[in-house]
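The following paragraphs lead through selected features of one model. Please keep the sequence and the structure in view while reading.

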Amino acid sequence: MNSDAISSLHVDIFRLFNNEWGLLTAGTMADHNAMTISWGQLGSLWGGPGHAKNIATVFVKPVRYTFTFMERHDLFTICWFPKDFRKDLGILGSKSGKDGNKLALTRLTPKAVGEGVGYEQATLTLLCKKLYSDQLKKERIPADAVAAFYSGDDGVDPHHMYIGEILYMEHQA
């Protein structure tokens, strides 16, 4: 990817992840799964000044169906959409792909982005190659976060962290 392209992206990353939500998708056009995310990071890693890799970091609980796709595949996408797709993102964040084709319940149209999966309606798409993954360690997480996120019925295992190199970006203003 041309690092100048990602360097020229001017968005409020905090707003994107925290308020706009993203759609994390892993797999191929023939077999993929997506889930809504509101935690993530963009930055640079593993290189000197001007030569670091542009990276995206996402977090997935092992109980999520998307976790199996993230483990099996080297590529993933993160997509953001206009506000009128909020209900669609809500569906993809609350229903499991284990139970059926949840994408069919939305207005989203999958499309190939390299060997990954993006969506026609996305205003920003990042195609990432997995560089590193690891499970967060509960004993290193602040106690208030453990109480809030890792003590309920949806699985007490902490999120798995995936760092991916951004290979390609599509951006529609």
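A residue is called buried under 20% relative accessible area, exposed over 50%, and partly exposed in between, with a 1.4 Å probe and protein chains only. By this rule Trp46 is exposed, with a relative accessible area of 51%. The model is predicted: local features need pLDDT of at least 70, side-chain atom pairs count only at pLDDT 80 or more, and totals for chains, interfaces and linings use all residues. Residues are numbered from 1 along each chain as its sequence is written, and side-chain values use heavy atoms, leaving out hydrogens and water.

Trp46 lies in the loop between β3 (40-45) and β4 (53-60); helices (H or I, at least four residues) and strands (E, at least two) are DSSP runs, numbered from the N terminus. Although Trp46 is not a glycine, it has a positive phi of about 60 degrees. Trp21, which is not a glycine either, has a positive phi of about 65 degrees. Trp21 belongs to the loop between α2 and β1 and is partly exposed, with a relative accessible area of 24%. Arg86 lies over the face of Trp21, at 3.5 Å from the ring centre. A charge counts as sitting over a ring if NZ of Lys or CZ of Arg is within 6 Å of the ring centre and within 35 degrees of the ring normal.

Helix α4 comprises residues 86-94, and its buried residues are Asp88, Leu89, Ile91 and Leu92. Seen down the helix axis, these buried residues fall within an arc of 155 degrees, so they line one face of α4; the arc is that of the directions from the helix axis to the C-beta atoms. On the other side of α4, Lys87 and Ser94 are exposed. The buried residues of α4 pack against α2 (13-20), β1 (22-27) and β2 (32-37), where contact means heavy atoms within 4.5 Å.

Which aromatic pairs can be found? A search of the whole structure finds 6 of them. Rings of Phe, Tyr and Trp (its six-membered ring) pair if their centres lie within 6.5 Å; planes under 30 degrees apart count as stacked, over 60 as edge-to-face and the rest as tilted. Phe17 and Trp80 form an edge-to-face pair, 5.3 Å centre to centre with 85 degrees between the planes. This pair links distant parts of the chain, since Phe17 is in helix α2 and Trp80 in strand β5 (residues 75-80), 63 residues apart. Both Phe17 and Trp80 are buried.
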